[in-house]
Amino acid sequence: MSTKKIISLILALALSSTAFYGCSKNTDPSSESESSVSETENSAEESGTGESPETEEDEDSGYTVSDLADGIVMNISGHEVTSDEYRYFFMYVKSCLDQGDETYWDDDESGEKLKSLKEQTMSFLFNNAAVYKIAENNSIELDESDSARIDKKIEDTKKYYSATNDGKEFDEYLKEIYCTPEVYRESYVNKYLEEKIVNELYGKDYRAKHFLNYIAVKYIQIRPMLITQDDFDVFIQTDSTLSYTDEEKAVIEKLNAIADKKDETALNEAVPELMEVIKNRISEGESFDSLMKKYNMDYTIETKENGEYAEKYINDYSMQSAFFNAANALKENETSDGSLYIDGSGFYLIKRVPFDEEYLREYLIPIFMGDDSYTYASDYNKLCMETKSVMEVTVDTDYESINLDSFKE
């Protein structure tokens, strides 16, 4: 596997395994930002941790050195970091710093580059530990349903990876990037735990203040302008797994014949007939998702774990005003008449739907909480900083001997 691929995929893993709201600030290995190790220096000084026959304070680093259990590299306020977890983040940071060029380390006689590598590795681990500490302080835990979600996510990832990489097992790939199945699963545990923290501590007020002007919609977009593209041979491609009425087949055949002539004007005039047919199918009980699968031409719409299409959450500035006004005029579960046409985008048939709380928990709130301009994102970031300021780090007696050769196979 190329270094470039390793870096890109290892980065994706790292992002999923570190806190992505307030606790993940300043963890870019390529930046010169101050690592959280310096924060532990302050906390160690303030805590007054004394020496014992088995522990000693490293005055330069700010952490305590002790003989930890086998396989444990460090303990961050109760969270034990295994050698596998440490190795993964160490190699991730290393790949970001040297970009696969081992000569990057040749002029490190002073050891400053290695020191920075270890500090930034600890910074990632420190952020992870902060999530666990906040959860502990607020009696927040993952339940069986959360564990089931994690298991399904991992299983789906394995299947997708195998299907797109000639049957190669995902665990083999994890080994290539110095990760283990246990560390990979822990990345989801940390991610889902942080979601739960944010939702339980801030979710109710957050929704009340920031979702007032949002509505949820699904829609079918028909884009006649696509026929001018050279690789667009068939305007409506039927799906053999779906059933079509004679009325649908007739209008599809008509539209494809017009599209074959690359006549966008004529196609624009004919598309309303298709929208009427779709409306008929809705009135006869066919699901909106089934019709989206048949006809929607907005290929950016995602699907959820249950196979349904994900709704979009919009307000009056996130979408074109004509679209938002048409959607906002609908009641929940009501469908538009399909006559909306927006120049450059095409025709739209819109259905206004209720908010999906599970979807909001996993996707929308994390997106908004990553923006400190929102009050609750700022509040959570403050909580993270306060938590990290009093956390203590104990490293194993072998920690100082970790170097670039420690994890080579």
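In which helix do Phe 170 and Tyr 173 both lie? Both residues belong to helix α6 (residues 170–176), where they are three residues apart, about one turn of the helix; helices here are DSSP runs of H or I with at least four residues, and strands are runs of E with at least two, numbered from the N terminus. The structure is a predicted model, in which local features need pLDDT of at least 70 and side-chain atom pairs count only at pLDDT 80 or more, while totals for chains, interfaces and linings use all residues. Residues are numbered from 1 along each chain as its sequence is written, and side-chain values use heavy atoms, with hydrogens and water left out.

A pair of aromatic rings is described by the distance of the centres and the angle of the planes. The structure holds 21 aromatic pairs, where rings of Phe, Tyr and Trp (its six-membered ring) pair if their centres lie within 6.5 Å, and planes under 30 degrees apart count as stacked, over 60 as edge-to-face and the rest as tilted. The pair of Phe 170 and Tyr 173 is tilted, because the ring centres are 6.1 Å apart and the planes stand at 40 degrees. Both residues are buried, a term for under 20% relative accessible area, with exposed meaning over 50% and partly exposed in between (1.4 Å probe, protein chains only). The rings of Tyr 341 and Phe 347 also form a tilted pair, with centres 4.8 Å apart and planes at 55 degrees; Tyr 341 is partly exposed at 33% relative accessibility, whereas Phe 347 is buried at 7%.
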